[in-house]
Amino acid sequence: MQLTLPCEYSVKEILPAVRALIAEKLVVENNVSIYRTAELMGITPAAVENYIKKRRGNAIKDVLRNDKKFMELVDNFTKVVLSQGKKADSVSSYYCMLCAEGKRVLSKQGYQMSHCIVETLSSAYNFSLEKTF
């Protein structure tokens, strides 16, 4: 029997896809420099470039991109990061919410994965971007 921790798939697949979508929003759609994007996201400029050039984070990115609710969360997150700058504690919490929503999207598409505490709590609470930042 193989034990897969709830965050294991998230770290390997969901987080890179989310970061790729956010990097594209910041660099391509909002003309933010790669260096400023890296600072806002808490990653290296090389990682941002890899996301932009589609070298990283592509496995499930299109599945997530095709979900309207998920992309609304990504759009809102991007707007807040642009307007308020990086707040490490808030940004990391919102990544957890994006991950939980990403798992919901993937589950609708037939992917099977274990759930984490954020997903369990999100069914009882309605997380909103305004309350997070």
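**Close-up views of a predicted model**

**View 1. The side chain of D67 makes a polar contact with the side chain of K108, at 3.1 Å.** A polar contact is a pair of N or O atoms within 3.5 Å, of which, within protein, one must be able to donate a hydrogen and the other to accept it, and residues adjacent in sequence count only if both atoms are side-chain atoms. The model is predicted, with local features needing pLDDT of at least 70 and side-chain atom pairs counting only at pLDDT 80 or more, whereas totals for chains, interfaces and linings use all residues. Residues are numbered from 1 along each chain as its sequence is written, and side-chain values use heavy atoms, with hydrogens and water left out. D67 lies in the loop between α4 (61-65) and α5, where helices are DSSP runs (H or I, at least four residues) numbered from the N terminus. Because its relative accessibility is 9%, D67 counts as buried (buried means under 20% relative accessible area, exposed over 50%, partly exposed in between, with a 1.4 Å probe and protein chains only). Leaving aside neighbours within four places in sequence, D67 is in contact (heavy atoms within 4.5 Å) with E101, R104, V105 and K108.

**View 2. The largest nonpolar core has 32 residues.** Such a core is a set of buried Ala, Val, Leu, Ile, Met, Phe, Trp, Tyr and Cys residues joined through side-chain atoms within 4.5 Å. The residues with the most contacts inside this core are V18, I22, L64, F70 and L98. Two or more residues each come from α1 (6-29), α2 (34-41), α3 (45-52), α5 (68-84) and α6 (88-108), and α1 gives the most, with nine residues. Apart from its neighbours within four places in sequence, F70 is in contact with V18, L21, L64, L98, E101, G102 and V105.

**View 3. N31, in the loop between α1 and α2, has a phi near 55°, a positive value in a residue other than glycine.** Most residues other than glycine have a negative phi. N31 is exposed, with a relative accessible area of 67%.

**View 4. K54, in the loop between α3 and α4, has a phi near 60°, likewise a positive value in a residue other than glycine.** With a relative accessibility of 51%, K54 counts as exposed.
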